[in-house]
Amino acid sequence: MSEQTLLIVEDDPGLQSQLRWSFEQYKVLMADDRDSAIAAVKRNQPAVVTLDLGLPPDPGGVSEGFTVLSEILSIAPTTKVIVITGNDDQINPVKSVGLGAYDFYQKPIDPETLSFVVERAFRLYGLEEENRQFRRMHISNPLDGVIAASPEMHEVCRMIERLAPTDITVLLLGESGTGKEVLARALHTLSPRSKKPFIAVNAAAIPDSLLESELFGFEKGAYTGATQQTKGKFELADGGTFFLDEIGDIPLSLQPKLLRVLQERVVERVGGRQPIKVDVRLICATHQNLSKLISEGKFREDLYFRINEMIINIPPLRERTGDVAVLARAFLDKFAQQMRRANILGFSEGALSAMEAYHWPGNVRELEHKVKRAVVMASGPLIEAKDMELAPGEFKRRLWSLREARDMAERQAICAALSEAGENVTKAAEILEITRPTLYALLSKFNLKI
Ligand SMILES: Nc1ncnc2c1ncn2[C@@H]1O[C@H](COP(=O)(O)OP(=O)(O)OP(=O)(O)O)[C@@H](O)[C@H]1O
């Protein structure tokens, strides 16, 4: 698809060359009959078409021209078609617009005036395309920084939106790499605390011996090497949000101090005696089973009850319907731009099906790394499965029930119809050949917002 492609459908060789010469600034394609016009539309999806109604085998009439107009619009409904008619013609211009033409132009052709009409059509097409892209983005970018198209993740995003204005402590549960930190950030960004700091600490990445001073800070002289008073991360997050990742790794000895922050909103620096008030919203996350840790005596039950005011389960990537392709595309765009590899256009069909079939034990992080690697390794315009180190032997085929497959197909059809209809529910329902109430019910079923 090209915004700058103009297709001229004209059977008169003299007019053809005159028009080609008038539209040098565009990529001009020529067609002189129905078959060549339809083939050019299918292949190039031109933004604008000028269509002479008098085409063979009916060069003196309009029947062939109208047939071509209808066919073009059924294949490429967003294309702007400017119909060119005879100058004594009153009915056909009106009929053309009725059939869906963008505009009409009456012969004889004055290149300057026609250029003006064509240019306006390109401008409108560009604006509409921007709009469509924006809507597509909305469907695959439900929250700031979060890419997701699946109903499973859209439900998660809905919960985040609902929780954002509150100060409720949220516990995010999910395998490593599922995007817990990304969601915690989105929650912060949507909250009234967004102008204040978002501080993240991964408890599993910090040795137990350092964790206390990292979280709570220390006073000068609290221990050897504590040469100056230092604020902990809780204090640094004052007024904002504190994201404690891998809370299951917090040693038992530190848990009472953490509980105190939650109960009384105060911290005590290591070596300090003064409780310091902190105003933080806490978001915790873990990939561990906290109930199991409690039964093993490794996690305090009272702390667990404090942090689980609201639990959000983040599904692993392999259980999200349709997210792999959307995420892969977004990562490809990001890395191709970063590494200046604009020649990479997309994924081969083999790569897409390999990605769908793969089990993704490392979830989104693993997908991101594989796409990054592929952008470096790809030798052609399309990324192949081997560029992502997805060998057939690695595939663990994901099977769907008939119901899941039906849901996926329905959801896709609804998104496409909404996008095509400019999110106009009545139009989308017509495209889908269902009633408006049925469409509303389906929108709610698939958590699609318009
Ligand atoms: N929905 C998403 N949209 C865009 N990027 C995502 C999404 N989910 C995850 N990522 C990216 O994947 C990587 C891992 O995400 P993140 O660190 O949030 O996962 P995590 O669940 O917190 O992992 P861990 O438990 O290992 O800390 C990051 O680079 C992040 O940007």
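Of the 450 residues of the protein chain, 32% count as buried, a residue being buried if 20 or more other C-beta atoms lie within 10 Å of its own, exposed if 12 or fewer do, and partly exposed in between, with C-beta atoms placed from the backbone. This is a predicted model, in which local features need pLDDT of at least 70 and side-chain atom pairs count only at pLDDT 80 or more, while totals for chains, interfaces and linings use all residues. Residues are numbered from 1 along each chain as its sequence is written. The protein chain holds 18 helices and 16 strands, where helices (H or I, at least four residues) and strands (E, at least two) are DSSP runs, numbered from the N terminus. Among contacts between residues at least 6 apart in sequence, 66% join residues at least 24 apart, two residues being in contact if their C-beta atoms, placed from the backbone, lie within 7 Å.

**Surroundings of the ligand**

- There are 16 residues around the ligand, and S176, G179, K180, E181 and V364 come nearest; a residue is near a molecule or strand if its C-beta atom, placed from the backbone, lies within 6 Å of it.
- Two or more residues of this shell are given by each of the elements α7 (180-190) and α15 (363-377).
- By residue type, the shell divides into five nonpolar, six polar and five charged residues, with Ala, Val, Leu, Ile, Met, Phe, Trp, Tyr, Cys and Pro counted as nonpolar, Asp, Glu, Lys and Arg as charged, and the others, Gly among them, as polar.
- Because domain 2 (151-315) and domain 3 (318-394) both give residues to the shell, the ligand lies between them; the domain bounds come from an automatic or database domain assignment.

**Helix α15**

- Helix α15 has 15 residues and reaches 21 Å from its first C-alpha to its last, close to the 21 Å expected at 1.5 Å a residue, the expected span of a helix being 1.5 Å times one less than its number of residues.
- The buried residues of α15 are N363, V364, L367, K370, V371, A374 and V375. They cover an arc of only 140° around the axis, which puts them on the same side of α15; the arc is that of the directions from the helix axis to the C-beta atoms.
- An α-helix has 3.6 residues a turn, so residues three or four places apart point the same way.
- The partners against which the buried residues of α15 pack are α13 (323-338) and β16 (382-383).
- N363, which has its place in α15, has a phi near 55°, a positive value in a residue other than glycine, and N363 counts as buried because it has 23 C-beta neighbours inside 10 Å.
- E368, also found in α15, is partly exposed, with 18 other C-beta atoms within 10 Å. In space E368 is 7.2 Å from A328, C-alpha to C-alpha, although 40 residues separate them in sequence.

**Helix α16**

- The 19 residues of helix α16 (residues 402-420) should span 27 Å at 1.5 Å a residue, and its end C-alpha atoms are 27 Å apart, which agrees.
- Buried in α16 are R411, I414, A417 and L418. They cover an arc of only 135° around the axis, which puts them on the same side of α16.
- The face of α16 turned away from its buried side carries the exposed residues L402, A405 and A409, whereas the cover over its buried residues includes α6 (151-163), α17 (425-432) and α18 (436-445).
- Following α16 is G422, with a positive phi near 60°.

**Backbone features in loops**

- The peptide bond from P56 to P57 is cis, with omega near 10°, and P57 has its place in the loop between β3 (46-52) and α3 (63-75).
- A cis peptide bond also runs from K107 to P108, with omega near 5°, and P108 has its place in the loop between β5 (103-106) and α5 (111-140).
- R265, in the loop between α10 (255-264) and β11 (266-267), has a positive phi near 55° in a residue other than glycine; with 15 C-beta neighbours inside 10 Å, R265 counts as partly exposed.

- A47 has its place in strand β3 and is buried, with 27 other C-beta atoms within 10 Å.
- A47 and L124 lie 9.6 Å apart in space, C-alpha to C-alpha, while being 77 residues apart in sequence.
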